[in-house]
Amino acid sequence: MMTNEIALSEQTVALLICMDRAYNNSMNKNRVESVRLLGKDLTSHELSVINTLRKQEFGSASEISPQPNNDDWVKNYFLIRDGDDSLLAFGRLHEVDIEFKAEAYSIFGIATIVSVIKGKGYGTLLMQSIKHFIEMSGKSAIGFCNADLSPFYRKCGYGILSASGNRFLYRDSEGELHASKYGNDDVIYLGGDDGLIPKIIENNEDSVYLARPHW
Ligand SMILES: CC(C)(COP(=O)(O)OP(=O)(O)OC[C@H]1O[C@@H](n2cnc3c(N)ncnc32)[C@H](O)[C@@H]1OP(=O)(O)O)[C@@H](O)C(=O)NCCC(=O)NCCS
């Protein structure tokens with residue numbers, strides 16, 4: 001009798017453990033997580049999704065390939081993933097040196113913003129997590145977007161400078177200036193401790209010089 005009782009109780013425990021595992025698995029499957037990592041820590045699967053979608057969404061010809069000798073190795077990547085580690089949205093931040101009114105600044109360039117599954121709030125989650133990181137850093141940040149997308153960024157808490165992309169010129173290492181790649185695009189921004197953004201807004205006739213040809 002005693003043995004039976006113990007056997008029954010073991011079965012019950014086994015069943016409970018099984019149910020608990022199934023519950024945890026189903027919760028993990030539905031769990032959406034926001035992570036920041038460096039380019040060197042992206043899995044080959046994540047890199048492949050990112051490169052495929054960059055090509056699809058932006059027509060990017062080059063591939064991101066983090067190596068110890070390139071800046072993608074230590075670049076900040078932001079991922080929204082589900083419990084199966086599937087990528088739902090991603091973006092990254094370039095570190096960009098710029099010059100405005102003869103002063104040098106180091107800012108974040110907001111780039112490669114893509115939602116893999118659109119219209120489910122993953123883009124918003126991504127932009128909120130990027131915003132949190134930028135605000136904690138104290139740096140100013142700038143990105144470029146088609147005016148149609150400005151309402152999306154505004155809702156995520158970013159400021160917008162309408163049709164101002166043409167103020168941002170690339171100055172190469174030889175000092176030669178190149179016309180902006182962003183023509184009439186809107187500029188999205190977050191102001192940092194350096195006071196750069198109010199200065200750009202105030203002096204709206206002046207160009208901004210970027211040490212990077214594109215975002
Ligand atoms: C822009 C993008 C990242 C938005 O991601 P998403 O996951 O679809 O966005 P969300 O589901 O969080 O949508 C948030 C809000 O923005 C709006 N929105 C999203 N994409 C939009 C678009 N292309 N145009 C206008 N509004 C848009 C949504 O309608 C939604 O508004 P609501 O809250 O009133 O319903 C996604 O559309 C995308 O990957 N686009 C292709 C790549 C691209 O253009 N990236 C931006 C480069 S600057």
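Reader: Happy to look at this predicted model with you. Where is K101 placed?

Author: K101 sits in the loop between β3 and β4. Phi of K101 is positive, about 50°, although this residue is not a glycine.

Reader: Why is K101 called exposed?

Author: Count the C-beta atoms around K101: 11 others lie within 10 Å. A residue with 12 or fewer is called exposed, so K101, with 11, is exposed.

Reader: What about D85, and which loop holds it?

Author: D85 belongs to the loop between β2 (76-81) and β3 (87-100). Phi of D85 is near 70°, again a positive value in a residue other than glycine.

Reader: How do you know whether D85 is buried or exposed?

Author: The count for D85 is 12 other C-beta atoms within 10 Å. The exposed class takes in 12 or fewer, so D85, with 12, still counts as exposed.

Reader: Good, and what makes D194 partly exposed?

Author: D194 has 15 C-beta neighbours inside 10 Å. You will find D194 in the loop between β9 (186-190) and α5 (196-202).

Reader: Which residues does D194 contact, leaving aside its neighbours within four places in sequence?

Author: Those are Y105 and S140. To be in contact, C-beta atoms must lie within 7 Å. As for S140, it is 54 residues from D194 along the chain, yet their C-alpha atoms are separated by 7.0 Å.

Reader: Now to the ligand. Which residues come nearest?

Author: Of the 18 residues around the ligand, the nearest are S115, K118, G123, T124 and C145. At least two residues of this shell come from each of β4 (103-115), α3 (122-137) and α4 (150-155).

Reader: Finally, what does the whole protein chain look like in helices and strands?

Author: There are 5 helices and 10 strands. Buried residues make up 25% of the 215 in the protein chain, a class that requires 20 or more C-beta neighbours within 10 Å. Among contacts between residues at least 6 apart in sequence, 66% join residues at least 24 apart.

How values were computed
Residues are numbered from 1 along each chain as its sequence is written. This is a predicted model: local features need pLDDT of at least 70, side-chain atom pairs count only at pLDDT 80 or more; totals for chains, interfaces and linings use all residues. A residue is near a molecule or strand if its C-beta atom, placed from the backbone, lies within 6 Å of it. Helices (H or I, at least four residues) and strands (E, at least two) are DSSP runs, numbered from the N terminus. Two residues are in contact if their C-beta atoms, placed from the backbone, lie within 7 Å.
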